[in-house]
Amino acid sequence: NWDQLLAALDQGDVYLTGNSWILFAAVAWAIFAMLQKLQLQKGWTPQMVNVLTYGVCCLAIYPSANTAELAPLTAWQWSILILLGLNPLVAYGCFAEAMERISASYVSMIIAVNPILTIALMALLAHLGLTFISTEPLSWRGYLGAAMVIGGVPIAVSLRSRLATSP
């Protein structure tokens, strides 16, 4: 994205670190999706895969957790924390169901739209005056790229469908 390139020239060390994390996350995501698809093909249910994934992650992260920080939370903060915990559980449950029912390439094309949703929600939060997370500086080039992603997904899905049905 051109906007990020300009910001990277201005704050190179911050964006290098961020882009390194993005690259790591992309590789981890690809490995996760591949392993999940393999487990589903071996007869595991999506729920079993999620329990394994979340269980291993909880056990891996727990030793570094500072549970004393949870004690002063109010009921409202606990409800937000629980909601934030259930959100990925439900999302990955839906993802696992999709991986079981349709091809991984279709699922990944649809998932490509998720960053657009994040950009839109961050813009909405900024518009509402909630500034606890700063928004990315986007110009018309960034919005054009988002429009290309949104427009590219249906094109890719329809082309794939045509190629699969043609002799």
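**Aromatic pairs, a buried alanine and a surface patch**

Trp-29 is partly exposed, with a relative accessible area of 29%. On this scale, buried means under 20%, exposed over 50% and partly exposed in between, for a 1.4 Å probe and protein chains only. The model is predicted: local features need pLDDT of at least 70, side-chain atom pairs count only at pLDDT 80 or more, and totals for chains, interfaces and linings use all residues. Residues are numbered from 1 along each chain as its sequence is written, and side-chain values use heavy atoms, without hydrogens or water.

The structure contains 2 aromatic pairs. In Trp-21 and Phe-24, the ring centres are 5.8 Å apart and the planes meet at 85°, so this pair is edge-to-face. Rings of Phe, Tyr and Trp (its six-membered ring) pair if their centres lie within 6.5 Å; planes under 30 degrees apart are stacked, over 60 edge-to-face, and the rest tilted. Both residues belong to helix 2 (residues 12–41). They sit 3 residues apart, about one turn of the helix. Helices are DSSP runs of H or I with at least four residues, numbered from the N terminus. Trp-21 is exposed at 58% relative accessible area. Phe-24 is also exposed, at 52%. Trp-29 and Phe-32 form a tilted pair, with 5.8 Å between centres and 45° between planes. These two residues, Trp-29 and Phe-32, are 3 residues apart in helix 2, about one helical turn.

Ala-96 lies in helix 4 (residues 75–101). Its relative accessible area is 0%, so Ala-96 is buried. Contacts of Ala-96, not counting residues up to four places away in sequence, are Gln-36, Leu-40 and Pro-46; contact means heavy atoms within 4.5 Å. Ala-96 and Pro-46 are 50 residues apart in sequence, yet their C-alpha atoms are 5.0 Å apart.

Helix 4 also holds Leu-81. Leu-81 is partly exposed, at 39% relative accessibility. A nonpolar surface patch is formed by Leu-70, Trp-78, Leu-81, Ile-82, Leu-86, Leu-89 and Val-90. Together they have about 590 Å² of accessible area, from the Shrake-Rupley method with a 1.4 Å probe. Patch residues have over 30% relative accessible area and no salt bridge; nonpolar side chains (Val, Leu, Ile, Met, Phe, Trp, Tyr) are joined within 5 Å, like charges within 9 Å. A salt bridge is a side-chain nitrogen of Lys or Arg within 4 Å of a carboxyl oxygen of Asp or Glu.
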